[in-house]
Amino acid sequence: MAAKNGAFDPASDGSSRTVVAIVGGGFTGGAVAWHLASRLPADAARIVVFEPRERLGAGLAYDTSDPVHRINVPAVKMSIDPALPEHFAAWLDATGALSDDPDARADDGELYPRRQVFGRYVDAQVGPLVVKGLIEHHRQHVAAVERAGGGWYITTDGGETLAADIVVIATSHPSPAAPKMLASILEGHPRFVADATVPNALKSIRRDDAVLVVGNGLTSADVIASLTAAGHTGAVTAISRRGLRSRGHAPRLQEPHGDFSGRPIRSIRLLTRRIREAIRQAAVFDVSWHAVLDAVRAQVPAIWQNLPVEERRRAVRHLRPFWDVHRFRIAPQVEHALDEAVLNGRLDILAASVAAVSYHEGRIRVALKLAHGRGTRIRDFDAVVVTTGPAHGGILDSQSFLSHLAADGIIHADPARLGIACDMDSQALDRANRPVDGLYIAGPLARGTFGELMGLPQVSEHAKTVAGRIIALVEKEQAAASFSAA
Ligand SMILES: Cc1cc2nc3c(=O)[nH]c(=O)nc-3n(C[C@H](O)[C@H](O)[C@H](O)COP(=O)(O)OP(=O)(O)OC[C@H]3O[C@@H](n4cnc5c(N)ncnc54)[C@H](O)[C@@H]3O)c2cc1C
């Protein structure tokens with residue numbers, strides 16, 4: 001279609017198909033496309049995914065060749081189809097994809113395959129639809145998305161322009177923002193790794209280098225496990241403001257425990273109190289905190305809706321560091337590598353921030369300001385790795401197409417600055433908070449509205465919901481088109 005108002009060049013195939021353009025083909029974009037192509041007739045919609053990577057569905061998380069990188073959620077909970085939670089586990093069985101990975105099964109009996117294997121699984125679902133032409137994969141980076149008549153023009157770095165009726169933004173994770181002081185002084189240093197998620201990012205680090213890791217979450221855990229596997233023996237200091245380290249999984253799978261949405265909770269203080277109470281009660285029944293936080297996670301959409309905007313902001317400021325390390329757990333194999341490193345004195349985890357950086361006798365001298373007024377510690381390093389995670393707070397400045405949409409008032413950051421503002425239908429909200437026709441936010445960038453939308457089970461559910469909204473729109477358009485043709 002894409003020519004509803006005559007102002008607009010159709011998808012140049014002259015058909016009445018609705019053109020859906022998905023910007024970003026990581027797991028979210030790949031899953032939205034998969035649902036659309038699986039459920040819509042080919043003559044109803046043209047589905048185009050813009051994604052520079054070779055395969056759809058992998059994205060930043062699963063497009064990694066490092067064998068140490070493992071999924072951090074048991075395989076039985078990771079699926080492209082939320083209706084079939086064990087789809088991935090069944091695929092693993094059917095394909096023998098773990099035959100070369102004896103360590104995939106952890107002591108708790110659950111499978112934590114390599115992340116690249118999950119990427120292959122998603123590709124095995126989406127790829128055949130690409131081959132059949134039901135999904136078009138344009139390996140291009142989108143440079144601009146502009147409103148035109150009743151639709152959108154999408155322009156890529158490679159000079160392609162596509163007219164679309166519906167656009168889905170699924171670009172999710174921007175690069176991390178290195179602390180300014182580190183970046184300004186260490187820029188250009190061969191062992192300053194500003195983004196540890198770039199392929200081969202750790203290659204320049206030598207076996208006995210003393211390494212400073214800035215950040216203590218999942219990426220930090222990946223980095224330390226990868227260095228260990230590569231034979232690194234040097235000292236590693238990992239810092240974060242609170243010195244909290246990502247937690248592991250419970251020794252056995254448990255059902256979520258606790259009710260946090262029956263009685264509305266309107267403040268962070270009350271929420272924290274209820275969580276603490278629930279953890280105490282759970283312990284009586286030999287149920288660990290993991291089950292309580294799983295219950296909180298499952299109820300976050302309801303909890304989040306009940307919190308006033310100011311309380312949401314407070315949650316991001318004060319609760320998030322605690323939430324992140326308890327909610328996003330590391331795979332047991334990675335946890336084991338970290339535990340060993342702590343035990344043998346190679347890894348030192350500190351609650352500290354960088355106070356000063358300089359060069360000293362060819363090494364990187366860092367003054368670490370310890371939390372809680374415990375003074376300053378001076379250490380010399382050979383390498384510095386930033387693992388502070390994607391800089392979602394600056395998402396609108398992270399890419400030209402987003403900054404232009406924001407400058408035109410078509411999108412804006414959500415009030416908690418977790419991503420892009422959208423309504424409960426995942427439709428983008430303009431500067432005046434009105435839903436924007438034909439523009440959807442899919443995946444983690446919609447977190448500000450839904451509260452918790454980062455782990456794969458939730459992202460998978462959201463992709464299906466967004467696809468469902470689009471399918472309803474396409475069906476409506478198609479019905480209107482056939483009515484006017486009749
Ligand atoms: C390193 C890492 C590991 C993770 N591991 C797990 C895990 O084990 N289990 C779990 O449950 N969750 C995990 N997560 C959480 C993760 O958010 C989700 O599981 C999911 O992968 C999110 O996928 P996505 O497609 O939304 O985002 P992304 O993976 O960020 O994909 C976005 C895609 O958009 C593309 N893109 C960006 N800009 C443009 C543009 N302008 N034009 C075209 N394409 C563009 C990028 O190339 C990228 O492929 C992990 C997250 C990270 C960052």
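**A guided reading of the chain**

H318 is partly exposed, with a relative accessible area of 39%; a residue counts as buried under 20%, as exposed over 50% and as partly exposed in between, judged with a 1.4 Å probe and the protein chains only. The model is a predicted one, in which local features need pLDDT of at least 70 and side-chain atom pairs count only at pLDDT 80 or more, while totals for chains, interfaces and linings use all residues. Residues are numbered from 1 along each chain as its sequence is written, and side-chain values use heavy atoms, with hydrogens and water left out.

The chain as a whole comes next. The chain contains 13 helices and 16 strands; these are DSSP runs numbered from the N terminus, a helix being H or I over at least four residues and a strand being E over at least two. With a radius of gyration of 23 Å, close to the 23 Å that the globule rule gives for 486 residues, the chain is as compact as a globular protein of that length. The radius is taken over C-alpha atoms, and the rule is 2.2 Å times the number of residues to the power 0.38. The C-alpha trace spans about 75 × 55 × 50 Å along its principal axes.

Of the 486 residues, 52% count as buried. The chain carries 54 positive and 53 negative charges, whose mean positions are 7 Å apart. Lys and Arg count as positive and Asp and Glu as negative, with His and the chain ends not counted; each charge is placed at NZ of Lys, CZ of Arg, CG of Asp or CD of Glu. A contact means heavy atoms within 4.5 Å, and among contacts between residues at least 6 apart in sequence, 70% join residues at least 24 apart.

The interior can be read through its cores. A nonpolar core is a set of buried Ala, Val, Leu, Ile, Met, Phe, Trp, Tyr and Cys residues joined through side-chain atoms within 4.5 Å. The largest one has 80 residues, of which I22, L36, F88 and F118 touch the most other members. Helix α13 (residues 456-485) supplies the largest share of this core, eight residues. Another core, of 26 residues, lies apart from it and includes A196, V211, A221 and A238. As for F88, its contacts beyond the neighbours within four places in sequence are I71, A75, M78, P113, V117, F118 and Y121.

T28 and A442 can be taken together. T28 is found in helix α1 (residues 27-39) and is buried at 4% relative accessibility. Residues up to four places away in sequence aside, T28 touches A170, S172, A442, G443, P444, V459 and A463. A442 belongs to the loop between β16 (435-441) and α12 (447-450), and its relative accessibility of 0% counts as buried. Under the same exclusion of residues up to four places away, A442 touches T28, V32, V168, I169, A170, S172, H462 and V466.

H318 and I268 are 50 residues apart in sequence, and their C-alpha atoms are 9.0 Å apart in space. Q299 sits in helix α8 (residues 289-306) and is buried, with a relative accessible area of 16%. Not counting residues up to four places away in sequence, Q299 touches G258, D259, F260 and S261.

The loops complete the picture. P390 lies between β14 (383-386) and α11 and is partly exposed at 31% relative accessibility. The C-alpha atoms of P390 and P176 are separated by 4.3 Å, although the two are 214 residues apart along the chain. Residues up to four places away aside, P390 touches H173, P174, S175 and P176.

Two further loop residues have a positive phi without being glycine. For E361 the value is near 45°; E361 is in the loop between β11 (347-360) and β12 (363-370) and is exposed at 74% relative accessibility. For S426 the value is about 70°; S426 is in the loop between α11 (400-407) and β15 (427-429) and is buried at 2% relative accessibility.
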